Structure formats: structure tokens, C-alpha cells
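This briefing is intended for a reader who is meeting the structure for the first time. Please have the sequence and the model at hand while reading.

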Amino acid sequence: MSAPAQAPATRRRSRSRTWIGWSFILPNFLGFAALTLIPVIASLALSFLDWDSYSTPRWVGLDNFERMIHNDNFWTALRNTAYYAVGHVPLTLAAALGFAVLLNQKLKGVRFFRTALFFPYITSLVAVAVVWNMLLSPDLGPVNQFLRAIGIDNPPGWTTSTTWAMPAVIVASVWRDLGYYMILYLAGLQTIPAELYEAAEVDGATGWQRFRYITLPGLRPTTFFVLIMLTISSFKVFDLIQVMTEGGPGRATLVLSQVIYREGIVQGRFGYSSAVSMVLFVIVLTITIVQFRLQKRNET
Amino acid sequence: MRRHLVTTLAGAAALALLTACGGSSPEPAADGPQTIKIALWNYATTPEFKAIIDGFQAANPEIKVEPVDILADDYAEKVTTMLAGGDTTDVLTMKNVIDYSRFGTRGQLLPLTDEAAKLDPAKYSGLKAYDLEGKYFALPYRQDFWVLYYNKTMLKEAGVPESKLQNLTWADYAALAKSLTKGDGANKQYGAYQHTWRSIVQATSAAQTGGNLLGGDYNFMKDQYAMTLGLQQSGVLLPWATASSQKVSYNTMFSTSKAALLPMGTWYAATLLADTKSGKTKVEWGVAPLPQLKADGKVTTFGSPTAFAVNKKSKHSEAAKKFVEWASSEAGATAVAKAGVTPSLQSQQILDTYFALPGVPNGDVAKKAFKPDNVVLEMPVSDKSSDVDQILTEQHELIMTGQKSLDDGLAEMSKRVKNEVG
């Protein structure tokens, strides 16, 4: 750098490197921009407009947000979404971690069980929802038949009961998602050095102590990642609920993404629908930022 | 050299993206034989579309008709998206009146007011539904309405004469259904099957009591709900909760003789005709008028028409108009009736054509069923219809699953419609 004669050449080389770097991410970026970035920005703009996808959009300022605040459907959906997240995130996390630790041992047939647990994740969601509906059917479903057989006279109505519909949906979604997060945890477990366990064993640590003081801290980065992915996916939940209950009975399982879908795609009120999706975006963003902060504090 | 390559690549990629997003190329001018495209659903299983297209092409050999087949469940959303993207598909089928009013008020359809004025509203059942403040943007070719299907064999076994079904009140229907229920467990035969749709209770009571489904006061539904809930409680109907969670199909319930009586739309007759012909079902079926509040011999039922409209962006609007007019004409109606579907144009001649089809139930009961005195529109058209529809559906679920008592459910229905939509 000190010799002035070399400077332009270096600069040229670094510029050409930047170009090459850009060209490598360009195909991906173009797809991302066309299919995600531009629509997201457009939806931000749309949330201040009144637009039915055909006529000229009309500027309405904060009207869409005002309508949302006074709309009972929005608050019901927000509560239900939070309920779903509070149930789905910890249960999936615990189940995924539990099965990962269990299936990390050298047992016979461990591959089979790993595959079996991962299977729901790659199965067609519609089929999953229909099968769960049948299992949980109030009169003829095997779940309630079993409950009756063990002496519970009045088993819950599951997807046909306002009280039990959300727990039913949560159980189905935990079952569906746990395989994927279990794989993430299994990968995380491979990164914990075996020497630590050996040393702990030599020191006479119990199984629980090894799990509590070696496995859990060792998995912290994985847990952080899983937590974020789970939170985002719980707030975005749509397909499973749409097929299993369609938000019913009544509005017992109506979630935010369904409100967005109904208002936008079905009713053609794209402005209002975008406003709701902006609120959902802000909620998820806030939670993610808080999680990042907490994680940072834990690290230091 | 390398840098040059990169820029070229980037440019090419950008260009490809641009051309991919760019609009379609202009179509050639409309000379000689024209081709019009028509948006419709489930072409293979909806026989009247082919019947209309074939009939129209035979009458107008200079125009070729090309169907654009769309999945029935996605039809409304797909057409909305197509129109928003400036699609030029010439003829659009209006699957229901609420969607029609949306397209019409947005100005996406070509006005057909003059063409509609040529039709006699007394003969065209459902024509009035397309009146948008004095303007028409579609002409109906088909009108479905609700009737009562019955299983002849099960009636005979119970010793009930079919003529009894000619003048049924809802109280008679309930008693009859109770007497036809027998068996237990897997062999149970239900007296009746009422599908999970809200219309079966709500639109029936609106049509027969004169209640307004958009009105915000829903006490007029009380009797119809009380009867339905009573039948459900006494095991005459398959419980709503089971039907909903198992996604039970009404066709299975009726065509496998699991239920003796089935209130359902006239479209089901076409399915039964086709399935009987192909041997898919062996059920002996008949059609009776929908049960009434009072046994005064008059039949009031509900239903909804289906229509064709012309896309405002159509490049062959004259040919498209010709098609729409032909479909609702006498010739079109005959083609529709021959396909086993009830056309909008209702004359004795058309009815005779329908009854002459092999397999169509004949006799006085069926003839009365297919000639109702009054067909009330299933859901009134307004910009509030779809919002109200959502609330009515949600409350229907709560009442039918017993999550809300009938009184609470109806009170909440009224309250929600007034607060959230009114």
C-alpha cells in the first residue's frame, strides 16, 4: 500500500473481486428480491392504501390500522396466535431435545427411529391434518375410544370443542415439527466433545448432572437457533390450522395469518390485509430481537 | 475479460427477468374464425360446460370455444388474480352471485344490460340476482335450488308411500326421519343427513319465514335450529361434529343408503344420474319438494343461479357476448337440461326435456319438486355479504357443536353482525 504505483492495481483487483462476489450471489438475490423483498416493501406501502387488486389504490393513511384496533377478529386472532406459540414452542423444543438425546445413543435400530420421527415433517400436510382429524373425531375417533376404554366417560370434543381445539392443533403440530428440530439437535450434539463426558464420568457426575452441565450448555447455540425458528414458524402458522379446523369451531383457532388470507385473498381488501401482516411482522421482529439480546447477555 | 463476462451475465439475467415479467404480446386482429376462451371449473366432471360449448359451436361454426379449466375450490381466487393481472380470457363463469357483484362493481365486466332486458324475468329464475343498481353484467344459464332426495327402498321397507312426500312440513320431515332411523353402530341407518353447511338451516328459514340473512336479527332461525338440534340429539342425524371432523361426504351418506332423506341442491341429481348410469351406485332415489313450514301446497325453497359474463378486457367481446346470450337462450337451456342440470330458463318444454332423460325420477312428487313456486336467493347480494357469511358460518359451528346454547348462539350472531359489519 505504501508504494503509490501499486495502489491502482490493488484497487482494481479488489473491485473485480467485489464484482465476482456479487455475481455469485446475484442469482439468489434476484430471486429473493423478486419474490420476497419487493413484495414485502410493496406490502408496507399497501398497508396505508385502500386497494382491491384492480381499481386505483387510494391513500387512507392510518385508517387500516385504526380499523384493526377496533376489530374483534384481529384481537381474537392475536390472542389465539399467542396461545398457539406459547404451547407449540416449548413443547416442540422439549420433545425435539428429548428425542435427540435419546436417539444420540448407540442403540440398535436408532436409524429407524430417527427416520420415523422425521417422517411427519416431510409428509403432505393435508394428509397429516385429515388423519389427525379422524384420530380426534369426538365419537368415532380412536383417541376418544381409548379414553372411554380407560374409564373417562366424557372425553373432550377436540377439534369440535372451543376449549380443546387449540390443544388438539398444538399436539398435531408438535408431532409434525419435532422431527426437523430433533435433527438440528442431533447435529448440535455431535459438536460436544466426548472428553467432557469422560472427564465428568471420572469425577463421578450422574447422568442428570452430565445433561444439565455439559449437554445443555453445549447445545446453547442450537437451542437459540431452534427457538428463533420455532417462534417465527409458530406466529406464521397457517396451513395446518386451515386444513384441520379452518379457524373453528367459531373462532377458537383463528390465527393472524388466516385473517391476512381471508381479508386479502378471499375478500380482496389488500390494504387492510397488508396492515395486519405488518403487525405480524413487527411482532415477530420484536421477539427475535429480544431473543438475540438475551442470547448476547448470556454469552458475556 | 473476466469482468466483461460477469457484466454480460448479469445483464443477461436482468434481461431474462424483465422479459419474463413483461406482458403478453398483442393478439392478431379479429378476422376470420375466432377463438374465444372461457374460464370454468372442473371441466371433466361438470357436464353442462361441454354441452353448452358443443351446442354453441354447432350453431356458430365461425367461433371456436376453448375452455380454461380451473380447480373448483380455487375458482374465485384464481379469477380475481387473473383479472387483476389484466387477463383477457373472454368469457368468465360467475360461480356465485357474491363474487359476481364484486367483479361487477369493480368494473371488470362488460355491461350486458340490453341483452338482459330481452329476457323475461318471469321465466328466468335467478335473473334478478344479477341486477346491480339497474345494470346487468351477466346472464344466468343455470339455476340450482334445494329439494329433498329420498331413498325409495328405505321408504318402502318402512311402509311409507312416496306420495306422502309431496306436501311435507318440517314437523312431518322430523317425524318421518325418526321413524326411518334404525340399527346401531356400523350398521346404523340414519333417518336423514343434513350436511354441515349453514345454509341448510339458515337459508331455509330465511326463505320460508321471510327473514333477512343480512339483517342483524336472527331469531327467525330459531325453530329450524331447534328441530335440527332435536334430531341430532335423538340420533336421527349424524352428529354435526362427526360429519365435520371426519369430512363426511353427503354423496357417500346417501348413495350407500346410510341416510334415507337428504335435503340438497339440484346439482346432486346430475351426480346421481351419472353414478347410476356408470353403476357406481345402486341406490334407488327419488326427488321431493323441500319440506315447508306450512302444508298449504306452495313450495318455497332457496337456491343460487350461475351465469356467464364477458371480461371487459376481452378482445373478442362480440363473439363472447354471442356465447353468453346463446347459453341462456332456449337452445342453451335445452343443452343444459340434457346434461342433467336445471337451467335458469324454466318453461314446460325445458322441464319435459329434463324429465325425458333416462334415470330422472318421474311422477307427481318429482314434477312438483322441480317446479317450485318461489326460489329465494341463498344469500342476498351486498358488499357486506361475505363478512356476514363468515360470522354466520362461525356461529353455526358453535350452535351445531353445542358449544353455545341456541339462544346464546343466535344472540351472539345478531350482536356480531351489528357490531362488526353494520
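The points below are grouped by topic.

This is a predicted model, in which local features need pLDDT of at least 70, side-chain atom pairs count only at pLDDT 80 or more, and totals for chains, interfaces and linings use all residues. Residues are numbered from 1 along each chain as its sequence is written, while chains are lettered from A and ligands numbered from 1 in the order in which they are written.

**Annotations of chain A**

- An unreviewed UniProt entry places the feature "transmembrane region" at residues 20–49, 82–103, 115–136, 218–238 and 270–290 of chain A; UniProt positions are given in the numbering used here, feature names are shortened, and annotations may be inferred rather than shown by experiment.
- Residues 115–136 of chain A are 86% helix and 0% strand, with end C-alpha atoms 25 Å apart; helices (H or I, at least four residues) and strands (E, at least two) are DSSP runs, numbered from the N terminus.
- For residues 218–238 of chain A, the end C-alpha atoms lie 33 Å apart, and the span is 81% helix and 0% strand.
- The UniProt annotation "domain: ABC transmembrane type-1", from an unreviewed entry, covers residues 78–291 of chain A, a span that is 74% helix and 0% strand.

**The contact between chains A and B**

- In chain A, 33 residues are in contact with 28 residues of chain B, where contact means that C-beta atoms, placed from the backbone, lie within 7 Å.
- On the side of chain A that touches chain B, helix 1 (7–46) and helix 5 (125–135) of chain A are the elements that give two or more residues.
- Helix 1 of chain A provides the largest share of that side, 8 residues.
- That side of chain A divides into 14 nonpolar, 15 polar and 4 charged residues; Ala, Val, Leu, Ile, Met, Phe, Trp, Tyr, Cys and Pro count as nonpolar, Asp, Glu, Lys and Arg as charged, and the others, Gly among them, as polar.

**Helix packing within chain A**

- Helix 3 (residues 72–102) and helix 12 (residues 256–266) of chain A pack at an angle of about 145°, with their axes 8 Å apart; axes are lines fitted to C-alpha atoms, for helices over the stretch in contact, and angles run from 0 to 180 degrees between N-to-C directions.
- Among the residues that meet there are A:Phe74 and A:Leu78 of helix 3 and A:Val259 of helix 12.
- This contact of helix 3 with helix 12 of chain A comprises 5 nonpolar, 3 polar and no charged residues.
- A:Thr231 belongs to helix 10 (residues 220–235) of chain A and touches A:Ala85, A:Val89 and A:Ile287, not counting residues up to four places away in sequence.
- Although A:Thr231 and A:Ala85 are 146 residues apart in sequence, their C-alpha atoms are 6.7 Å apart in space.

**Helix 9 of chain B**

- The buried residues of helix 9 of chain B are B:Gln224, B:Tyr225, B:Thr228 and B:Leu231; a residue is buried if 20 or more other C-beta atoms lie within 10 Å of its own, exposed if 12 or fewer, and partly exposed in between, with C-beta atoms placed from the backbone.
- These residues are on the same side of helix 9 of chain B because they cover an arc of only 130° around the axis, the arc being that of the directions from the helix axis to the C-beta atoms.
- The face turned away from the buried side of helix 9 of chain B carries the exposed residues B:Ala226 and B:Gln233.
- Elements of chain B against which the buried residues of helix 9 pack include helix 7 (170–180) and strand 7 (190–192).

Conventions: Two residues are in contact if their C-beta atoms, placed from the backbone, lie within 7 Å.
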